[in-house]
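Biologist: Please take a close look at the aromatic pairs of this model. How many are there, and how are their rings arranged?

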Amino acid sequence: MSVSVKICGLKTHAAMEAALKGGADYVGFIFFPKSPRHIELDNAAVLADQARGRAKIVAVSVNADDAALDAIVAAVKPDYLQLHGGESPERVMQIKQRYQLPAIKAITIREAADLELIKPYRGIVDQFLFDAKPPAGSDLPGGNGVSFDWTILADLDDDVDYMLSGGLDAANITAALQLTGTDTIDLSSGVESAPGVKDTRLIAEFFDAVKRAEQRPSA
């Protein structure tokens, strides 16, 4: 099994280099001021140049308007736009047409019935990201360090392309991969020493854990 990894919420050169050295296939920047992982455009532009050609660059926004997305796309020149809010299928289509970029749509999940939420987006988005629903009182749509019941995904149609997110870390990644069979994962808080503070040691440990999981025989 070969696993693609996205490290999201990067804000420093050291964290970016640790992610790239570990083998990240995607690196994500979060443009959402309420998040401790929010990054300013000028800093994101510099870090994007550090990653360009080494990993795919993902710009994450939450219900952003065209003006905000115009600025993000111009500064960062991302390979993907990740939409992590309540963007409707129609809005996703508008964004794809405006920027001619593939779109990743985050869907938050707590129970099997939540998978019905993907239906209106099928054929529109290029990839889904399945994250846990935020805990009560959280202002963040993602990055809360909580996971959902991964067995829910067992009945998902095989042709649904998705990233698994939510509470992943070095300790649980093997179980997550075995239970879901996914080949693409996304994490942020699982490699942090504090909210928004990426830890280069935890990043390295996570990639080591992924490599061990990849070497395990399939069930």
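**Aromatic pairs**

Modeller: The count comes to four aromatic pairs, where rings of Phe, Tyr and Trp (its six-membered ring) pair if their centres lie within 6.5 Å. The model is predicted, so local features need pLDDT of at least 70 and side-chain atom pairs count only at pLDDT 80 or more, while totals for chains, interfaces and linings use all residues. Residues are numbered from 1 along each chain as its sequence is written, and side-chain values use heavy atoms, with hydrogens and water left out.

A pair of aromatic rings is described by the distance of the centres and the angle of the planes. Planes under 30 degrees apart count as stacked, over 60 as edge-to-face and the rest as tilted.

One of the pairs joins Y26 and Y80 edge-to-face, at 5.7 Å centre to centre and with 65° between the planes. Y26 belongs to strand β2 (residues 26-31) and Y80 to strand β4 (residues 80-83), so this pair ties together parts that are 54 residues apart in sequence; strands are DSSP runs (E, at least two residues), numbered from the N terminus. Y26 has a relative accessible area of 12% and is therefore buried, and Y80, at 18%, counts as buried too. Buried means under 20% relative accessible area, exposed over 50% and partly exposed in between, with a 1.4 Å probe and protein chains only.

Another pair, F128 and F130, is stacked: the centres are 6.0 Å apart and the planes 20°. Both F128 and F130 are buried. Together with Y162, F128 and F130 form one aromatic cluster.

How values were computed. Helices (H or I, at least four residues) and strands (E, at least two) are DSSP runs, numbered from the N terminus.
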